[in-house]
Amino acid sequence: MSSRPRILVLAHGHPDFSLGGGEIAAYSLFQQYARHPGVEEAFFLARIDRGRTATGGISLHADHEYLWEQQRGNDFFMEGKNLYATLTTFASFIRAVRPDIVHLHHAVHLGYEIIEVLKRCNPRIRLYFTLHEYIPICHNQGQMIKTDGRLCHVSDLDACVRCFPQKSAAAFWQRKRRFQHYFSLIDGFIAPSEFLRQRYIAWGIAPERIRTLENGLRPLPALPPRPMKDSRGRCRFAYFGQITPFKGLPLLLQAISFLPGKLQKRLVLEVHGANLEKQPEDFRTEFETRAAPLEEQGVLRVIGPYEPDRIAERMAGVDWVVVPSIWWENSPVTIQEAFAFGRPVLASNLGGMAEKVRHGVDGLLVAPGNPQAWADALAETCGNNQLWDQLHGGIRKPFSVEESAAAHLQLMGVAHD
Amino acid sequence: MTKKNPKPAQAHSAEVKDARQRPVSLRFADGSQVQFKLDAVFLAHGVCAVGGWFSEPATFSLEADDEEITPRRQTTVSRPDVNAFLQTPETRRHGFACIAECAPSRTLFLLAELGQRNTVVRIALDMTTADEEEAETYPAVFGAEALRKLRSLLHRRENAHSRMRAALDYAISYQDEQGESLCVLSGWAILSDDATLEVEGEDGRQIPVSRICFWPRADIEQLYGGVVGKTQRGCGVTITLDECVLDGEELTLAGCRAGERQKLCRIEVNQESAFHTFIKRVFSIPHPWTELAGIFEKLFLKPLGRLQAGRMTTLAALPPEEGVVGEPPASPDISVIIPLYGNIDMLTTQLLCFSEDAVFKTRAELIYVVDDSSILDAFRIKIDELFRLLQIPVRWVFGCVNRGFAGANNLGASVARGKFLLFMNSDVFLRDSGALDALASCLRDDPDAGIVGCRLLYPDGSLQHAGMRFLYRDALRIWTNVHPYAGCAPELDPASGPAPVPAVTGACMLLRREDFDAVGGWSTDYIIGDFEDSDLCLKMRAQGKKTIYHPHVSFVHLERQTFALLGDDGYRQRLTIFNAITHQQKWRSELSSSQGQPA
């Protein structure tokens, strides 16, 4: 690129209104692009639905930050609710902003038509698309989990129709065909994990068109190891995140119940989690049934949700961080945070977790969904100060947002200075 | 033994349970005795006949459920065998025959009144041992006179059984704008061979039966087992009337035999105002599958052909509405003609695919034929948006009413300007760029080629179409179009290059404009749509032009069953069989001669 580019970051939400991982990653990249000397100007456009009908109107939210009022469209075909507004309001916004590069995050509810419109406005605009989940591959909210709860390893027409019997194979064929059309207009794809990248390659994106770039972690203060006041050693474990059926918490509680009584007296598991009350009843019952006796014994402490900026306080009192998910976890920010604070991680040997944790170096990888394997891992680590010191020493500083933005700009061909 | 006296006036009564195995003796107070035996008990068709002997004179009657039945006939019969047994002179006629009419299900007793003794003997007639229709095997028991009476009674009974019966389940009529009409009656009728059916209007006028067909009705035949005339195929009956019968008129079906006319049943006529509803109801009549060819040929081929032709003439005269978004090429090479019916779910995907093809953008015009008024509004909104999004110019034409596959495609062709016409279904998707050129050069390179079809793939990538061939279905007696290798992996398709085939599917085929015009376009003989594609290929062959299958050009065909939208209780399959009959009436020799050709 001869001159400094103008970059527009497009996301499905603004962190001022919705604090999802995708929104935060998009917004922090926008902030980094804006202050980068190689970028002329950076803009942020986020979808918002304030229940004001599908006006499709775009409004200024803050300096260089815009909101686009769009209701939920067609989730199956990723069509925007108000295509006319995409063709008119959005197109005129693009002509006014004159971006050279558009970095798309998560086009959910915006509609993939925006890709066609961007190229129609200016065929020279380069489009980069960060794929945060599997929405184009999987209609089950892009999770690659079957509607009966099992993990989905390969999507094909028959498998998709089995999950959604009310949809036809012809509909799923069209869905993929349409996405492939729009994706053919994208100049480069970015996957936050190699696991996710491989899934998209298997689906049909040419390997040379998709790169793995980790989401950067926001700056966090350093944290000393937990001061030890008794002889129990490094015996405090903590879980951070939502309490949902995919996060594997009941499995972890079951693993603790397998442990000998002596070990149980020593071990403490803190659950810093939210949204249990929003889960299906049978899951809540399972969690509560397993939790009650452990809480009684003092093994389990359910501490509840936390604000993201209070994470350091919560991490200060623990030794190990556990990530027992039975789902893929593309780029779990908890692992990055644990490493930033110098806490070794026990994680399922699955998907993005298997990439982030190096077994025996900065944590342990555990057979996913296997309570006995988790019991063994807890037995091995609980109070094992020597192992803790070794893994603590193996932790690398996580990829920061600055590093991530620089890597993105390099990928987009933007000069460093 | 004495239990009950049905005739209290009589002093004595004796009850006997079994008088068939051996002679029974009844002793009286004075020391005398009466001997008797039953030799034959006959019961069939509501006629009961009892034959046997008594040692002394008696008068007979039957008793059923405490009710006495007076016999039709009772006679004495000469029985030399009994004279020998009782050692009486042969002038004594000990034998008797008693014949009465009674319902078959009742328990019966024979009452023998011994006048001399003021006594009635009540003999149970065990119906489990009653002979059925075997009276003739006992001529000696019954005697000539009684047998004659028995025969005449039985004959009368059989006539009564074979009295005519009928019921109608369907009475559907239709009249088109030219006044052509058809009324279809269907139900069942039990008639003797010499009887005919007549139809009478509400005002008593005779409505001529234009055509009539009998077919098996297992349910009715079971109900009235063994009474259906042997010369008819069955007691199911379907009748067509060419005379106009208006909605709500009550028709009477009458049976006529030897000058005798009997009203059998009445039915109110349902007149359908929409042709397709009429067709749907007519083809919902559950004629047996293997009888359809015969029934349709005899009953429906002519009148429905006439109605269909009239309808297509009327529709062709309706002025279509046309529109355009964008600027299509001024003189396109290829006109792509796509009829739309039922919904526009696939429009976006189809246009996205076209938008990726360079030939399409510069040298083709796209014509959508909206063949369904219910989708016109949504279509016009969508096509406007899609043009802004994809910049594909679209011409559209709306023919006011549903014209069916052939009518819609002919309408599209009438506004097309291309040198080549590519007829395509709305669920077919461009896959390889350069596909249109490859198909067109197939016609450019071979002047004898009239139609070129392509490979069609299911969404899973397997073959949906690799040319069509004709297959005779013996049970149905129709020629059908089949897709060889359907469902196979494309590499199993034996075709290695463009080659002649018996026919190709109308889902995607390319023709020269002048060839299309020379054969008069798509045939509108087929109701709603079937067989137009093979018909067109056969018409082209009659002009000396080949049909080519090009295996190197592939499209995706999602083959949704568009017509399933019309609802299906088997009517659509029956209509397809009807259309198959229309098809083979035109092309029978061509169909059988190309049967063996590889497809």
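In chain B, strand E5 (residues 59–64) is joined to E6 by three bridges, and the two strands run antiparallel; strands here are DSSP runs of type E of at least two residues, helices are runs of H or I of at least four, and both are numbered from the N terminus. Within that pairing, B:Ala64 stands opposite B:Glu67 in E6(B).

Before I go on, let me say that this is a predicted model, in which local features need pLDDT of at least 70 and side-chain atom pairs count only at pLDDT 80 or more, while totals for chains, interfaces and linings use all residues. Residues are numbered from 1 along each chain as its sequence is written, chains are lettered from A and ligands numbered from 1 in the order in which they are written, and side-chain values use heavy atoms, with hydrogens and water left out.

The pair belongs to an open, mixed sheet of five strands in chain B, ordered E1-E10-E9-E5-E6, where two strands count as paired if DSSP finds at least two bridges between them. Its edges are strand E1 (12–16) and strand E6 (67–69) of chain B, each pairing on one side only, and the twist from one strand to the next averages 30°, with axes fitted as lines to C-alpha atoms (for helices over the stretch in contact) and angles taken from 0 to 180 degrees between N-to-C directions.

Now to the cavities: how many of 30 Å³ or more does a search of the whole structure find? The search finds six, a cavity being a set of points, on a 1 Å grid over the protein atoms alone, where a 1.4 Å probe fits but cannot get out, with lining residues having an atom within 4 Å of a point. Points are joined across faces, edges and corners, and the volume is the space filled by probe spheres set on them.

The largest cavity holds about 100 Å³ and is lined by 14 residues, with A:Cys138, A:Cys152, A:Ala159, A:Cys160 and A:Cys163 nearest its centre. Helix H4 (residues 157–163) of chain A gives the most to this lining, namely three residues.

The second largest cavity holds about 70 Å³, and among its 14 lining residues B:Gln308, B:Met312, B:Arg403, B:Tyr526 and B:Ile528 are closest to the centre. Helix H5 (292–317) and helix H9 (404–415) of chain B are the elements giving two or more residues to it, and H9(B) supplies the largest share, four residues. Domain 2 (165–311) and domain 3 (318–593) of chain B each contribute at least three residues to this lining, the bounds coming from an automatic or database domain assignment.

How values were computed:
On a 1 Å grid over the protein atoms alone, a cavity is a set of points where a 1.4 Å probe fits but cannot get out, and a pocket is an open set with protein on both sides within 12 Å along at least five of seven lines; lining residues have an atom within 4 Å of a point.
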